[in-house]
Amino acid sequence: MSDQIVESVKTAIEEIDKRGLKGDVYALKEKAIGHSIKKGELSESSGYDDIGLGIRVIKDDKIGFGYCVPGKEEKGVKHAIELSDFSERLDLELPSEKDTPGVEVYDEKVRDVIEDSEGAELTQKMIDGSSSVADDITPTRGGLNVSMGTRVIGNTEGLFLKEKGSSIFGSVTVSIPQEETSLQATEIGVDCKLDLDFEEIGGKAANKVDSIRSSSERLSGDHPVVISPYAITQLIGFGLIPAINGENVRKGKSVYQGKIGEKVASEDLLMKDDPTVDWGVGSGAFDDEGVISKDTPIISDGILKNFIYDLKESAKDEKESTGNGVRSGFKSLPETTHRNIVLEGEGKDRDDLMPDKGIYVDNVLGAHTANPVSGDFSVVTNPVWRVEDGERKGRIDGLMISGNLPEILKSIELADDRKKCFLQIGSRRLIIETPTVRLNDVTISGK
Amino acid sequence: MIDPNRLMEDLLDKGAEYCDIRKEEWDRMSVTLKDGEIDKISQGGEEGAIVRVLYKNGWGCVGTSNLDDIKEASERALSMAKSSDEFKNEETGLAETEIQKDDVKMPMDENPLDVDTEEKISLVRDLEDKINRDFVSSTEVRYGETVVEKEITTSEGTQVMMEIPRVITYLIITGESDTIQRATEGAGGTGGYELTEKAYEKVDVVTERLKKLLEADTPPSGSLPLIMDPSLAGVFVHEAFGHAAEGDLLSSGNSCLKGKLGEKVAADGVNIKDDPTFKGYGQFPYDDEGTKAKNRVLVKDGVLNDFILDRESAWKLDMEPNGGARAEDFRVKPLVRMSNTIIEPGDLKFEELIEKVDKGIYAKSSSGGQVSTAEGTFQFNAQEGYLIEDGEIVKPLRDVSFNGFTLETLQNITGISDDFEAGIGHCGKGQTASVSHGGPHMLISDVTVGGRE
């Protein structure tokens, strides 16, 4: 079937070429399965096969975009040409560099999970893991999603790149029934290689909920907050990542405008967008415009080094593309988007980050309400534990934390337990590899 | 594509209890104008189908964008259903629903597909021109249209065809004072290009909001009374209550409303409905199982009265299905989703609500929220806020965020105004659904506000 996608891209490029125009064609063929968990057991199985093409045509320096399915290439090109009349002029240079780095993003074993019934068995492992801790803990939600796909990008400059990828996402939410409502906790695992321990995912979720049985405690005043990789991914994803986007910077929608070379974070902090990491969930040899992937340091030794750009934004800002042209699917134009963000620090032992008095936050609610321009946020934490003498004590209900992400980075401390995390932002995925972190500049409020 | 009825006969012969096929054809067009330049313009079409099979207690669903592969998809769906059944102990089934034969085209004055691209470009430019640029540093105007033709065929004999057009416009503006602030407003609905007229009413709303935000202070924190405007009240009811009233969450033990049907869950005078027949962005004639859409009165004078149900959750809860099954497109199976969720107006004037508050917050329009339906907790951010002192609005606030427990908060509704307004939105539950939500002004006597002071 992959030949169909190659032939279709070639056909579309020929359609553009024969009209004497420039352009690129992106195609995606995907096969996916999902198994969901409800009420302590596997609930249902689903899947899809998808294929389509996104066609970008440049006519008189104006860009038009159309999409279609294989066999309808001529129509797709026609749509793109018609719409190009309405765009602004832009000197967009399509890439021709073909030497890609070797990046491991496809695990052949994923094919077996999709083709055979192995997915149901892996889902059952998460269920078994979460049911093994206590009799009253039930996995009530979650499931397994596995996909594999082939990405092809070709253009009228002779570029033709193809890459296979795979991804595995497992999650389980467990509950303990209470008189009125219930206590819940969630654990997530994401990778593009089939080496997740599914039983462990279930077990971790169950252990978490088991540890919040005690009645809710109270805490007042401002204290250090230690926050899990998954929770910091959410805060950073919504409240900080927009500020490193070249377009937002150019338009004054970033607190980092004009600050390249300045100290913006604690000395130990390294934040980079590195899609060349093997088995990075956002990794790949090239971006969705055919620009070869590279490691882009964003903040290094606490100093702001770079912003990220796609082809269009780099043309507007007279910069080089950083290989951050990402599409939400074949129906979308590329946009400047993070790919595989990595956060590293001094790398303390996680236990050493725990304060004498403070809180440990496993998850937050409402991170998407963070202000993407200023980085201000105010979110509910759940579950959250009171910390005393470096030890997690009882849970606290209804506790909110507020702060400003650019300010928080100045005193952030990072552990050494880096984890691959995943966040869905609209139709896009944010992948961050981050450890547990300690935030020393947040406001805590509660009842 | 092979005749759906022939495919389904084959699946039934192979042991399927039930199956359905949903074929869809989509046309979409979108334009984004950023700071006076056409940033993105896109148009395309696609078609595909999904086969859903119930084998004993196991479900299997496979979608494909290649209609020639529909037979292979149906075989995979059956095989998945069989494998799913092997791991399941809980019995499942489908509540009975009336067999439907219908072909419906949702009314529209002007099919967006027939409107010239030039006119759509003029629309976004015209809207941008009307934005007062004195304090606005950046603008974004988006236009989007979708027209979908669906054909739902079930092994029980239902065959429903429908055409649903939807049009949406968004205004997003940014300005800078001591901080950078952003204000957004959207307009649109289910219907034709005529709905774009509504966008003009939003220009002043969004610019006035940004102006206030640029001079706003951060809010106090702690337990305070809070008045929601109609837009925020609608989003609150959708997020905090509506999701908990979804049959799939109820039947799987993920809702704080479980077992409370007929019980008092909100203050006297609170009436909440989810109505797919209401003229909003979440309107549809039949759901994605072919069940006729009907109004669901969820709360009647404070008492929990109904849920939003697809056929499976209705079977599990021993209730009647009411058209609650919606799927984002042909790639995915339908889930239980809301449509147009509304809290009905009361009899107080807005001014009377303000007068009731000694010290509190007036919060307008949501910039997002999140809920935990099982734990019955919620968190919301308002786009715009005001401090109320001694029954008067004193000053604008920004970054107003609040949280609470759904059941406690619904009981704490101590005033509902007599006005009403509905807004539009996209609801996410693994899949995106177009929805409307609306209500009056609503006073909550006590919520936790998370400020930075």
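**Labels and their grounds**

Modeller: A:D61 sits in the loop between strand 2 (41-59) and strand 3 (62-68) of chain A. Helices (H or I, at least four residues) and strands (E, at least two) are DSSP runs, numbered from the N terminus. This is a predicted model, in which local features need pLDDT of at least 70 and side-chain atom pairs count only at pLDDT 80 or more, while totals for chains, interfaces and linings use all residues. Residues are numbered from 1 along each chain as its sequence is written, chains are lettered from A and ligands numbered from 1 in the order in which they are written, and side-chain values use heavy atoms, with hydrogens and water left out.

Colleague: Why is A:D61 called partly exposed?

Modeller: Buried means under 20% relative accessible area, exposed over 50%, and partly exposed in between (1.4 Å probe, protein chains only). A:D61 has 38% relative accessibility, so A:D61 counts as partly exposed. Its phi is near 65°, a positive value in a residue other than glycine.

Colleague: What makes A:D389 count as exposed?

Modeller: The relative accessibility of A:D389 is 59%, and therefore A:D389 counts as exposed. This residue is in the loop between strand 17 and strand 18 (391-395) of chain A. A:D389 is not a glycine, yet has a positive phi of about 50°.

Colleague: How do you know that A:S8 is buried?

Modeller: Its relative accessible area is 2%, so A:S8 is buried. A:S8 belongs to helix 1 (residues 2-17) of chain A. Contact means heavy atoms within 4.5 Å. Leaving aside neighbours within four places in sequence, A:S8 is in contact with A:L53, A:P70 and A:E73.

Colleague: What makes the pair B:D20 and B:R52 a salt bridge?

Modeller: A salt bridge is a side-chain nitrogen of Lys or Arg within 4 Å of a carboxyl oxygen of Asp or Glu. The closest N and O atoms of B:D20 and B:R52 are 2.8 Å apart, and the pair forms a salt bridge. B:D20 is in strand 1 (residues 18-34) of chain B and B:R52 in strand 2 (residues 37-55) of chain B, 32 residues apart. Both B:D20 and B:R52 are buried.

Colleague: How many salt bridges are there over all chains by this rule?

Modeller: The count is 75 salt bridges over all chains.

Colleague: Why is it said that the salt bridge of B:K202 and B:E421 ties together parts of chain B?

Modeller: The side chains of B:K202 and B:E421 meet in a salt bridge at 3.9 Å, N to O. B:K202 lies in helix 4 (residues 197-214) of chain B and B:E421 in strand 20 (residues 421-428) of chain B, so the pair ties together parts 219 residues apart in sequence. B:K202 counts as buried because its relative accessibility is 15%, whereas B:E421, at 45% relative accessibility, counts as partly exposed.

Colleague: Which partner forms a salt bridge with B:E384?

Modeller: B:E384 forms a salt bridge with B:R209, the closest N and O atoms being 2.9 Å apart. B:E384 lies in strand 16 (residues 377-389) of chain B and B:R209 in helix 4 of chain B, so this pair ties together parts 175 residues apart in sequence. B:E384 has a relative accessible area of 5% and is therefore buried. B:R209 counts as buried because its relative accessibility is 3%.

Colleague: Where does helix 4 of chain B bend?

Modeller: The bend at a residue is the angle between axes fitted to the seven residues ending there and the seven starting there. Helix 4 of chain B bends by about 25° at B:V203. Buried residues of this helix include B:V203, B:V206 and B:L210.
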